[in-house]
Amino acid sequence: MFGMQGDVFRLRATFMEGLQYMELIPKEKQPVTGTEGAYYRRRQLMHQLPIYDQDPSRCHGLLENELKLMEEFVKQYKSEALGVGEVALPGQGGLPKEEGKQQEKPEGAETIAPTTNGSLSDPSKEVEYVCEFCKGVAPPDSPVVYSDRAGYSKQWHPTCFVCAKCSEPLVDLIYFWKDGAPWCGRHYCESLRPRCSGCDEIIFSEDYQRVEDLAWHRKHFVCEGCEQLLSGRAYIVTKGQLLCPTCSKSKRS
C-alpha cells in the first residue's frame, strides 16, 4: 500500500513552499482538517487510489493464478510508474531542501534576449520555466510541482498537475507515469487491465464478459435490478447499467 490514506497530507517541500503551494489550491480543495477540502481529499483518495488496486488481500475471490498476476502487476507499477510529486520553486526541483540553490538551466527553458549593450534586460528572469500542461510561464517566486519520473526539466503549476485521462487534480500529488504524462492510479490501472463494472476491481482472469468498453467478472455479470446471472441470456446496457429485458422494461414504464 502507499501508506498515504490518513487524514494528514504531507508535502515534499519546505515549510514556506508548502504554505505557498496550499494558497494556490482552490479553497474548497485545500485539505485542512474538518473542512470540505479534507472530505474532498478523502473521496479522491478512495476514487483515484482504490485499496483493492494496491493490496491483493483486499480483493474478493482471487484464484491462485490471479493472485500471482496481481502481485506482479503491483510490483511492476511501483517499480516503473508510481511516484509522488515534489513541490519546489522553479529551478529547484530535485535539490536538497536545505540548500535552496538554483538548478542549472533546464532543457527547453527560454532565455530573454540580451539588450543592445550586451546585458540582459531583466537578469532575475533569465530563465523562464514553462508549465508542461498549460504552457504558461511559472513565476520564479511561486512553487511548481516536479515529477522525478518526468525529469527535472519539466514542471507543472499546482493546479495543472492533473490526471491525463480524467483531468482531475492528483490527490496528494500521487501519480503514475505513462505515455509522457501523469495519470491517477485508477485510470493508469484501467489502461493496462479491464476493471469490473460490478465490483470495481481490476480483472486478472482471461475469462470475463465485455460489452463495448465495459467489463465484468463472469460472476458479476448480473442484472442490477433482479440480480439474476445474465451470462448466456439476453441483456440491455443503458448508461452503464446492466439490466435484464424485464427490469429494463419496468424502468421505462
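Visitor: Which residues of α4 are buried?
Guide: In this predicted model, the buried ones in α4 are G185, R186, H187, Y188 and C189. The label "buried" goes to residues under 20% relative accessible area.

Visitor: And what covers the buried residues of α4?
Guide: The cover includes α2, α3, β7 and β8 (181–183). Elements get that description through contact, with heavy atoms within 4.5 Å.

Visitor: Where do the buried residues of α2 sit around the axis: on the same side or on opposite sides?
Guide: Start with who they are: G37, A38, Y40, R41, Q44, L45 and Q48. Around the axis they take up an arc of only 155°, so they're on the same side of α2. What lies over them includes α4 (185–192), and the cover of α4's own buried residues includes α2.

Visitor: On to the rings. How many aromatic pairs are there?
Guide: The count is 12 aromatic pairs. In one of them, F73 and Y77 have ring centres 5.7 Å apart and planes at 90°, so that pair is edge-to-face.

Visitor: What makes F73 and Y77 a pair, and why that name for the geometry?
Guide: Pairing needs centres within 6.5 Å, and theirs are 5.7 Å apart.

Visitor: How are F73 and Y77 placed in helix α3?
Guide: They're 4 residues apart in α3 (residues 64–80), which means about one helical turn lies between them. F73 has a relative accessible area of 12%, so it's buried. Y77, at 2%, is buried too.

Visitor: What kind of pair do W216 and F221 form?
Guide: Another edge-to-face one, with 5.2 Å from centre to centre and 75° between the planes. Against the cut-off of over 60 degrees, that 75° qualifies. W216 has 1% relative accessibility and counts as buried, and F221, also at 1%, is buried as well.

Visitor: Which residues do ring pairs link into a cluster?
Guide: F73, Y77, F176, Y188 and F204.

Visitor: Is Q155 buried or exposed?
Guide: Buried: its relative accessible area is 4%, and the cut-off is under 20%. That's a residue in the loop between β6 (144–146) and β7 (174–178).

Visitor: What makes polar contacts for Q155?
Guide: A polar atom of the Q155 side chain lies 2.9 Å from the backbone oxygen of V130. The side chains of Q155 and Y146 also make a polar contact, at 3.5 Å. Beyond four places in sequence, what Q155 touches includes Y129, C131, E132, V144 and V145.

Visitor: What makes the phi of D179 worth a look?
Guide: Most residues other than glycine have a negative phi. D179 isn't a glycine, yet its phi is positive, near 55°. D179 lies in the loop between β7 and β8 and, at 66% relative accessibility, is exposed.

Visitor: And what is the phi of E227?
Guide: About 70°, again positive in a residue that isn't a glycine. E227 sits in the loop between β10 (214–217) and β11 (236–238). With 63% relative accessibility it counts as exposed, because the cut-off is over 50%.

How values were computed. Residues are numbered from 1 along each chain as its sequence is written. This is a predicted model: local features need pLDDT of at least 70, side-chain atom pairs count only at pLDDT 80 or more; totals for chains, interfaces and linings use all residues. Side-chain values use heavy atoms; hydrogens and water are left out. Rings of Phe, Tyr and Trp (its six-membered ring) pair if their centres lie within 6.5 Å; planes under 30 degrees apart count as stacked, over 60 as edge-to-face and the rest as tilted. Helices (H or I, at least four residues) and strands (E, at least two) are DSSP runs, numbered from the N terminus. Buried means under 20% relative accessible area, exposed over 50%, partly exposed in between (1.4 Å probe, protein chains only). The arc is that of the directions from the helix axis to the C-beta atoms. A polar contact is a pair of N or O atoms within 3.5 Å; within protein, one must be able to donate a hydrogen and the other to accept it, and residues adjacent in sequence count only if both atoms are side-chain atoms.
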